[in-house]
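Let's take a walk through this protein chain, starting with the whole and then stopping at a few spots. Keep the 3D view open as you read.

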Amino acid sequence: MGDISCSNGISSGNGVNGKSHSSLNGYRKSCWYEEEIEENLRWCFALNSILHTGASQYQDIALLDTKPFGKALVIDGKLQSAEVDEFIYHESLVHPAFLHHSSPKTTFIMGGGEGSTAREILRHKTVEKVVMCDIDEEVVEFCKAYLVVNREAFCDPRLEVIINDARAELETGKECYDVIIGDLADPIEGGPCYKLYTKSFYEHTVKPRLNQGGIFITQAGPAGIFSHTEVFSCIFNTLRQVFKYVVPYSAHIPSYADTWGWIMASDSPFMLSADELDTRIKQRIAGENRYLDGKTFSSASTLSKAVRKSLDNETHVYTEGTARFIYGHGSVHQQNQAKLIRNGLMEGAPAKSTK
């Protein structure tokens, strides 16, 4: 869960909830964002300010100005992306599928309201149409207004934004796509997205909407040496029940405090070497990647011995009745805002609610 707490630097010795941070320099006032990433383990970092908070009928939204990671988007108390390292996540999510496809022209993004996934897709010169389908209009409008880095993508005429449930949109639509991307929130117990990680969804909704040679790719949660068993391994096993060729890969995301995983799947084999990937990057992508090239992908898809063994032995298939979830759920606590305003940490309007 996510929490924002203020500290005066006077320690009571328990160090709980970020409310006591002793300092050799004596008194120190600060504000911290804290997220419980697993039982008995919390991740926190200092804030400069809270830039904006809001709420929709689906989720709470906050934009934080953090000291170590720049601007950070937080939804339902879970960090979604941070300014200084979001390029790692989004380049890893987008480019492997688009580079392995022979000529990707159309794509469907499930989720992705932040706009960063669309931004990376639109760098591909072959792309003619991008459909971004997010259920939460408030998140999309919030990100349009506050995430300056994605404003050009939102204005690109090739991008069509649809406010709808991605499952319903795919089930009722007739169009097929070269690439379908799952840029969904993590499967959290009680959350809206876990049903979009199931075998039935992949088999009966996603796969029929792929063109011949099409590729599906999804973010698949934490993929660290210990955390990969939460959902990464069973999402991998679920996809290999549906597609002939499935490639898991991972990268460290500093602001997530963990290694993160993605899984790429198709009925056509993934055959490109690192050099061939680099050639396609030069030919197809406008601008220069900051993170991903051929060797980086080769390394990312070479998982550690322990994780490979775990994935090979995984038998769990993700269904609505046997769903697995990542740990935790929470929200930015609204009761802290008066205190934050007094400390000069709030900027702009106070929190709004459309609930």
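A contact here means heavy atoms within 4.5 Å. With that in hand, look at the contacts in the protein chain that have a separation of 6 or more: residues 24 or more positions apart account for 67% of them. The chain has 355 residues, and buried ones make up 56% of these. As for secondary structure, you'll find eleven helices and 13 strands.

Keep in mind that this is a predicted model. Its mean pLDDT is 86, with 84% of the residues in the protein chain at 70 or more. Two stretches call for some care. Over residues 8-28 the pLDDT is below 50, and beyond near neighbours in sequence this stretch has 33 contacts in the model. Residues 330-344 also have a pLDDT below 50, and that stretch has 32 contacts beyond near neighbours in sequence.

Now for a pair of helices. Two packed helices are described by the angle between their axes and the distance between the axes. Take helix H1 (residues 86-100) and helix H8 (residues 274-284): their axes come within 10 Å and cross at roughly 95 degrees. Angles of 65 to 115 degrees count as roughly perpendicular, so that is how H1 and H8 sit relative to each other. Which residues of H1 and H8 meet? On the H1 side they are Phe98, Leu99 and His100, and on the H8 side Leu277, Arg280, Ile281 and Arg284. Sort the residues of this contact by type and you get four nonpolar, one polar and two charged.

Next, find strand S7 (residues 106-111). Is S7 largely enclosed or open? Six of its six residues are buried, so S7 is largely enclosed by the rest of the structure. Its partner is strand S8 (residues 129-134): five bridges join S7 to S8, and the two run parallel.

Is cysteine 155 buried or exposed? Exposed means over 50% relative accessible area, and cysteine 155 counts as exposed because its relative accessibility is 66%.

How values were computed. Residues numbered from 1 in each chain as written. Predicted model: local features only at pLDDT ≥ 70, side-chain atom pairs only at ≥ 80, totals over all residues. Heavy atoms only, no water. pLDDT = per-residue confidence, 0-100. Buried < 20%, exposed > 50% of the residue type's maximum accessible area, 1.4 Å probe, protein only. Axes fitted to C-alpha atoms, helices over the stretch in contact; angles between N-to-C directions. Helix = DSSP H or I, 4+ residues; strand = E, 2+ residues; numbered from the N terminus. Parallel < 35°, antiparallel > 145°, perpendicular 65-115°, else oblique. Nonpolar A, V, L, I, M, F, W, Y, C, P; charged D, E, K, R; others polar. Pairing = 2+ DSSP bridges.
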